[in-house]
Amino acid sequence: MKQDAISFKRVIIDYKKLNDQVLQLLVDRYPDGYDDRDIISFRNKDYEWVDCVEVRTHDTIYLVKISKRLQTAMEAYESDVEEEDVTNELDDSEDSMLPENEDADFQPEVDF
């Protein structure tokens with residue numbers, strides 16, 4: 001069966017309703033942001049122009065309505081993910097500094 005013959009679920013979504021999965025897909029697909037070539041324009045049921053960018057999963061095509069706020073949300077999400085990665089790396093490096101045979105909760109006795 002050809003890829004074109006497979007039927008995908010099609011979802012139009014506003015940036016306000018993005019979940020982390022779709023936001024991650026957007027950041028992965030457009031790491032440097034999107035430009036005019038990436039924008040899909042169409043008229044909705046009220047004959048208003050809608051601009052979207054597309055991301056896909058194995059069974060769904062998402063058309064995400066674009067706006068200035070979408071770009072800001074993507075940048076904020078990417079920044080949060082990068083901060084989380086750095087925090088995890090710091091936690092891992094602190095753990096590696098502990099002696100291997102000693103418990104991390106070990107506290108020496110101190111006589112006063």
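Helices (H or I, at least four residues) and strands (E, at least two) are DSSP runs, numbered from the N terminus. With that in hand, welcome to this protein, which has two helices and four strands. The structure is a predicted model, in which local features need pLDDT of at least 70, side-chain atom pairs count only at pLDDT 80 or more, and totals for chains, interfaces and linings use all residues. Residues are numbered from 1 along each chain as its sequence is written, and side-chain values use heavy atoms, with hydrogens and water left out.

**Overall layout**
- Reading from the N terminus, the elements come in the order β-α-β-β-β-α.
- Of the 112 residues, 22% count as buried; buried means under 20% relative accessible area, exposed over 50%, and partly exposed in between (1.4 Å probe, protein chains only).
- Take the contacts (heavy atoms within 4.5 Å) between residues at least 6 apart in sequence: 58% of them join residues at least 24 apart.

**Phenylalanine 8**
- You can find phenylalanine 8 in the segment before β1 (9-13).
- Phenylalanine 8 counts as buried because its relative accessibility is 13%.
- Although 52 residues separate phenylalanine 8 from threonine 60 in sequence, the two are 5.1 Å apart in space, C-alpha to C-alpha.

**Salt bridges**
- A salt bridge is a side-chain nitrogen of Lys or Arg within 4 Å of a carboxyl oxygen of Asp or Glu, and a search of the whole structure finds two.
- One joins the side chains of aspartate 35 and arginine 37 (3.0 Å, N to O); aspartate 35 is partly exposed at 31% relative accessible area, while arginine 37 is exposed at 74%.
- Another joins arginine 56 and glutamate 54 through their side chains (3.1 Å, N to O); arginine 56 is partly exposed, with a relative accessible area of 41%.

- Glutamate 54 sits in strand β3 (residues 49-56) and is buried, with a relative accessible area of 18%.
- Leaving aside residues up to four places away in sequence, glutamate 54 touches Arg29, Tyr30, Ile40, Ile61, Tyr62 and Leu63.
- Glutamate 84, by contrast, belongs to helix α2 (residues 68-96) and is exposed, with a relative accessible area of 52%.
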